[in-house]
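Visitor: I have just opened this one and would like a walk through it. Could you help me find my way around?

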Amino acid sequence: ERAVPLTAVTMRFDRLASHEFVRARLIPKAEAGMQSAGMAAAVSAALTLLLVSCIYSASLAFAVRRQYLAWQAAWSGTMLLWGTSWSQVHLALLPGMAGTVSAQMGPSLACLAIAMARASAVTAVDRGAAPKWLRSTALVLGLGVGLAGIPLALIRSGSLGLLAEILGLVVIADLIVVAAYLGWAWRRGSVEARDFLGAWGLPMAVLAFIHIVDIEDGFWGGGSKLLVLCAATWQALWLAAAATRRLAHLRIERDHARTAEAQAQQLARRDPLTGLPNRRGFVESVTPLLERARADNLPAALLLVDIDRFKSINDIYGHDAGDVVLCGIARRIERWEGPMCTVSRLGGEEFGLLTIGMEGIILNRFAESIRRGIAACDHSETVGERLVTASVGVAEVRPACDFQQLYRLADAALYDAKRGGRNKVVVQRYEDVTEPRREVAIS
């Protein structure tokens, strides 16, 4: 309040464990404002990114059930608390924690963060990617550092500096062991080990740098603590991005596997020669049609189409010619595929069509159009002037029965068509599947 220059400052610390842990700086007011703004921006950005990384990693861990992601989320959360405690942001909400309480939180949170970081790195790598003794050593050292933070935070007097130096050596030894573990696993092809080594590169370089160079007055007064906080933020973002990339690859591989499985299932339901559904695919497609026919009291009819004297085509012209004939007939039969009719190649030279809602004269004409359409197919390039015909057996039922029973009825009608001279249509209608009402043959 008076225009008198400052000449001296006297400070007193009671029960000080070690003067090496005291950080006091006197700077002009203008410079203090600039440094406060810079510190506030850097700390706010780092803490915000750590919070985002913590939430994101925790959600990933819950979604994919991966243990190392949970440890990674815990590490990000612990570093967030450490940064909040060191920067004294928490005092805005909890001013009563100023002084010893906040000072004691720092060592315990730092040691806990180190332990969680080790757990995350070790559990991310498959057990068989590195020697078991190296894995156990890394976990034991990390656990030791985490437990050491508890008594270290409670000490208020005595050789605190000596204990801190010993703990620092243990941390360095732990870093070397974990780096060896990750390097070993990387050489064995572990992608997770490569990601963790990339994430830890900058923090390890920062730790080495601050032990060699005194930067406590730099970085807007944040010194080594602000540099460590920024390096931890980099590590958290790197690991989150790496986990996202790996999960994206896994999702792509899963989608490819599902697509391949769907294609395989589709192929299993298709005849490889003609592309029509095979017997398995036909049964699966007709089942809902028959259920719909029963529910709506609609007639259902199964038409079995058998190529006449097909064996002689194979014997005279060869099996390749027979395959060409089958494919030509399949293309003709495929034209009748629709919402109320499904088609298939049931096997050999036999094709099947199931339709619902069609009966009487309309069904007769439909079956006859199929017979004539097959007879009209042009196979001259394959079998010359030979006419290729087909016999059609039709079973019409109301109410609709199951496929196996309907197939037996249609097969009996097809046998009658063959026995009656071939190139015929025989329709059998059933009011009750146990008793035929009448039989109609159409040439």
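Visitor: How do H3 and H4 run relative to each other, roughly parallel or roughly antiparallel?
Guide: This is a predicted model, and in it helix H3 (residues 100–124) and helix H4 (residues 132–154) pack at an angle of about 170 degrees, with 7 Å between their axes. Angles over 145 degrees count as roughly antiparallel, and H3 and H4 are therefore roughly antiparallel to each other.

Visitor: Which residues meet there?
Guide: On the H3 side they include Gln104, Pro107, Cys111, Ala115 and Val122, and on the H4 side Arg135, Leu139, Gly142, Gly146 and Leu152 are among them. Sorted by class, the contact of H3 with H4 has 13 nonpolar, 6 polar and 2 charged residues.

Visitor: Switching to strands, how many residues of S1 are buried?
Guide: In strand S1 (residues 300–307), 8 of the 8 residues are buried, so S1 is largely enclosed by the rest of the structure. Both of its faces are covered, with Ala300, Leu302, Leu304 and Asp306 on one side and Ala301, Leu303, Val305 and Ile307 on the other.

Visitor: And which strands does S1 pair with?
Guide: S1 pairs in the antiparallel sense with strand S3 (residues 350–356) over 7 bridges, and also in the antiparallel sense with strand S4 (residues 390–397) over 8 bridges. Toward S3, Val305 has Phe351 as its bridge partner and Leu304 has Gly352, while toward S4 the bridge partner of Ile307 is Ala390.

Visitor: What about S3, is that strand buried or exposed?
Guide: Buried: this applies to 7 of the 7 residues of S3, so S3 is largely enclosed by the rest of the structure. Glu350, Gly352, Leu354 and Ile356 lie on one side of S3 and Phe351, Leu353 and Thr355 on the other, and all of them are buried.

Visitor: Where does S2 come in?
Guide: Strand S2 (residues 341–347) runs antiparallel to S3 and is joined to it by 6 bridges, with Thr342 standing opposite Leu354. S2 and S3 form a hairpin with 2 residues between them, and in that turn Gly348 has a positive phi of about 60 degrees.

Visitor: Back to helices: how many residues does H1 have?
Guide: Helix H1 (residues 29–64) has 36 residues, and from its first C-alpha to its last it reaches 52 Å, close to the 52 Å expected at 1.5 Å a residue. Its buried residues include Gln35, Met39, Val43, Leu47, Leu50 and Leu60.

Visitor: What comes just after H1?
Guide: Just after H1 comes Arg65, which takes a positive phi of about 55 degrees.

How values were computed. Residues numbered from 1 in each chain as written. Predicted model: local features only at pLDDT ≥ 70, side-chain atom pairs only at ≥ 80, totals over all residues. Heavy atoms only, no water. Axes fitted to C-alpha atoms, helices over the stretch in contact; angles between N-to-C directions. Helix = DSSP H or I, 4+ residues; strand = E, 2+ residues; numbered from the N terminus. Parallel < 35°, antiparallel > 145°, perpendicular 65-115°, else oblique. Contact = heavy atoms within 4.5 Å. Nonpolar A, V, L, I, M, F, W, Y, C, P; charged D, E, K, R; others polar. Buried < 20%, exposed > 50% of the residue type's maximum accessible area, 1.4 Å probe, protein only. Pairing = 2+ DSSP bridges. Expected span 1.5 Å × (residues − 1).
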